[in-house]
Amino acid sequence: MGGTVHGEYKVPGGKLVVVDLDVEDGMLRDVRVSGDFFLEPDEALERMDAALTGLPASTDARVLAERVEAGLGPNAVLLGFSPQAVAVAVRRALARASEWHDHDWHLIHEGPQEPTLHMALDEVLAREVATENRPPTLRIWEWGAPAVVIGSFQSLRNEVDPEGARRHGITVVRRISGGGAMFIEPGNTITYSLYAPASLVDGLSFADSYAYLDDWVLGALNEDLGVKAWYQPLNDITSDGGKIAGAAQKRLATGAVLHHVTMAYDIDADKMLEVLRIGREKLSDKGTASAAKRVDPLRRQTGLSREAIIDKMVSHFRRRYGLVNDSLTSKELAEAEELVTAKFGTAAWRARVP
């Protein structure tokens, strides 16, 4: 690898860090850090450049951050970014990662669909983006029935009370990504998926990519909806009142990343507790004694309708990155329906971890 490369990293809830550098004989040369962050004293910028210049291009993000921190010294003041953010920008430059604006984003927001079809659509659309048969896409889900969606690696019997699910007419489905169970009722949930080329998250760890891919949602919540929200590692969006949303992610070997999020617009906590087996260890890990108190729905926090919240979220994404209205193709829908029959609608897949 040789020549000049360029990398950017928008710190979730913070500032943009940009790195331009040359690679000669496997070493970093002429490193130039810039961005809309705040830094004191002025000469600290040159110290960062000098600390990175001469390092092997194979240096991992942890060591890069350590070198930046050591080069800055104890008196430097960084606002809106960190040495770790600089390291991520360097790794993204070296990976030749793409940026949001490099892609022509499309929007799919169609009528209610069955839970099993939603699971299948995630796999089909991620695969279509990987093969470049579809541009990177944001899909807003509409639920055709109440459901519990369990993570790819969760035990069915440990997560779901079958009698409670039957009593309330709730379909149990399993998705292809990891993470925890989601309790879904149409009208009470906002769910979306991002289907992006893997290049968008090149140079990011799995942990960093969660917050990076949902930074636009934090912007919509804080700037457009008046909700003071932040990312709680690994995969929660939360506020002063409690959890708002949970994210899950799957990186396909074919070259795409699927990132999907379920947000609580409203919630019937009593019904949820009759359907989900929420263990005491999980509750204590979150610092609360009640599952109901863990979630603070957007209806209460905003006073807006679910449709108004979705409109503001979509408008925010459109302003940031551009967004073209689109729809499912007949081929995509047919492939998803085939996957329902062969995989997502089967007892074997649903109970693959009994």
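A residue is termed buried when its relative accessible area is under 20%, exposed when it is over 50% and partly exposed in between (1.4 Å probe, protein chains only). The structure is a predicted model, in which local features need pLDDT of at least 70 and side-chain atom pairs count only at pLDDT 80 or more, while totals for chains, interfaces and linings use all residues. Residues are numbered from 1 along each chain as its sequence is written, and side-chain values use heavy atoms, with hydrogens and water left out.

Aromatic pairing was examined first. Rings of Phe, Tyr and Trp (its six-membered ring) were paired if their centres lie within 6.5 Å, with planes under 30 degrees apart counted as stacked, over 60 as edge-to-face and the rest as tilted. The count comes to 12 aromatic pairs. One of them, F37 with F81, is stacked, at 4.0 Å centre to centre and 20° between the planes. F37 lies in the loop between β3 (27-35) and β4 (38-40), and F81 in the loop between β5 (77-79) and α3 (83-94), so the pair ties together parts that are 44 residues apart in sequence. F37 is buried, with a relative accessible area of 13%; F81 is also buried, at 8%. A single aromatic cluster is formed by Y9, W100, W105, Y192, Y212, W216, F317 and Y321.

Helix packing was then considered. Helices (H or I, at least four residues) and strands (E, at least two) are DSSP runs, numbered from the N terminus. Axes are lines fitted to C-alpha atoms, for helices over the stretch in contact, and angles run from 0 to 180 degrees between N-to-C directions. Helix α1 (residues 44-52) packs with helix α2 (residues 61-72) at an angle of about 140°, the axes being 8 Å apart. The two are therefore oblique to each other (angles under 35 degrees count as roughly parallel, over 145 as roughly antiparallel, 65 to 115 as roughly perpendicular and the rest as oblique). In contact (heavy atoms within 4.5 Å), A44, R47, M48, A51 and L52 of α1 meet L64, R67, V68, G71 and L72 of α2. This contact has seven nonpolar, one polar and two charged residues, where Ala, Val, Leu, Ile, Met, Phe, Trp, Tyr, Cys and Pro count as nonpolar, Asp, Glu, Lys and Arg as charged, and the others, Gly among them, as polar.

The axes of helix α4 (residues 115-130) and helix α14 (residues 330-344) come within 8 Å and cross at roughly 125°; α4 and α14 are therefore oblique.
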